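Let's take a look inside a protein and see how its pieces pack together. Have the sequence and the 3D view ready.

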Amino acid sequence: MKISDLPGPITASKADWLAGTTWLGFTPTNGSLQSRSQCQGTIQRQYAGGYVIEYITEQFSEPNPGFETDPQYLAEREAHKELAGRFIAVHKLRTSARPLETILGPEEFTRLQDMWAQGEKRWRWSVAFPIVETYDITDRPKAKDVLGKTGYRRLFQRSSATLGVLNEEERAALADLEIEQRPAANAWIGIEDEFVLAEASEIDDRIRRAIERDLSDGALEGIEVERRVKVRKRAAWLAQEFVKRRRREKTLHCDACEFDPSTVSGIEGINPRSLLDVHHMHPLDEGARYTTIKDFAMLCPTCHRVEHARIKVAAKG
Ligand SMILES: [Zn+2]
Ligand SMILES: [Zn+2]
């Protein structure tokens, strides 16, 4: 697939000298809570719910004294040579950051700070956004080649503690890059945050039943049994958000055959929603990636039955 096939736009770029694996970290001006939340707010405004493209800088940093021959450092420096100056990945970040320590665990966090912290300032990258969806850029092109001199200079000439917000022209330059999705280990962090929201919401019975049917035990096979309950609950909550949006947008029609209840005469006063079903299109992706309301469809009862017949046949296949 191409970048232009992503369900949302690339809004910002992140320059790194280490490739981000499961999180992207940002360094607040100091260790205070206020500084942390300021940093989080800035980054959130910059990527504005879109995707972030990751660029690897030409330079590689020197670690703190004592780590110059550390095998992990040497391996990373070696890996950097191949990536320097290139676009390597596209990430979707969780809406809210977490303290990096809670993602890495205290031991790994301490080691990271020992290696890279500047003196007493032991909060490097401490505002970390978990990567919940991630794509490799197949050709890893040089950023200079893709953006041209002007765009490259604008975004990457000076080092920045935040993101670079892309303009229209830069977005267009990226649109044709080939990408390939890879499993995001932190999809679960994003999902877990939403379990809490789902637990606290009143879910419509009809939606709950539809989603329970879509997310059968067969569909959720690789997932621990206790977790399936949560996965279903979150999916039902997402489905409800999906229905709400369709209602707001006044697009209550079948996504397969375009049946629109509001055009049928003689049923005035009947809620159009009562003649339509909500359906989860990618049950097997639950737990494998961060699903969103884009994974649901609105179907008329006939198209819905056809869809389930199709799933049954495919499962036998
Ligand atoms: Zn239909
Ligand atoms: Zn269904």
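## Before we start

This is a predicted model: local features need pLDDT of at least 70, side-chain atom pairs count only at pLDDT 80 or more, and totals for chains, interfaces and linings use all residues. Residues are numbered from 1 along each chain as its sequence is written, while chains are lettered from A and ligands numbered from 1 in the order in which they are written.

## The cores

A nonpolar core is a set of buried Ala, Val, Leu, Ile, Met, Phe, Trp, Tyr and Cys residues joined through C-beta atoms within 7 Å. Buried means that 20 or more other C-beta atoms, placed from the backbone, lie within 10 Å of a residue's own. The largest core has 44 residues, and V52, I53, V90 and A128 touch the most other members. Strand β6 (127–137) is among the contributors with at least two residues, and β6 gives the most, with 7 (strands are DSSP E runs of at least two residues, helices H or I runs of at least four, numbered from the N terminus).

A second, separate core of 23 residues includes A210, W237, V278 and F296.

## Two helices crossing

Helices α7 and α9 (residues 225–248) pack at about 70°, with axes 9 Å apart. Angles of 65 to 115 degrees count as roughly perpendicular, so α7 and α9 are roughly perpendicular to each other. On the α7 side the contact includes I191 and F195, and on the α9 side K230 and W237 (contact means C-beta atoms, placed from the backbone, within 7 Å).

Key. A residue is buried if 20 or more other C-beta atoms lie within 10 Å of its own, exposed if 12 or fewer, and partly exposed in between; C-beta atoms are placed from the backbone. Axes are lines fitted to C-alpha atoms, for helices over the stretch in contact, and angles run from 0 to 180 degrees between N-to-C directions. Angles under 35 degrees count as roughly parallel, over 145 as roughly antiparallel, 65 to 115 as roughly perpendicular and the rest as oblique. Two residues are in contact if their C-beta atoms, placed from the backbone, lie within 7 Å.
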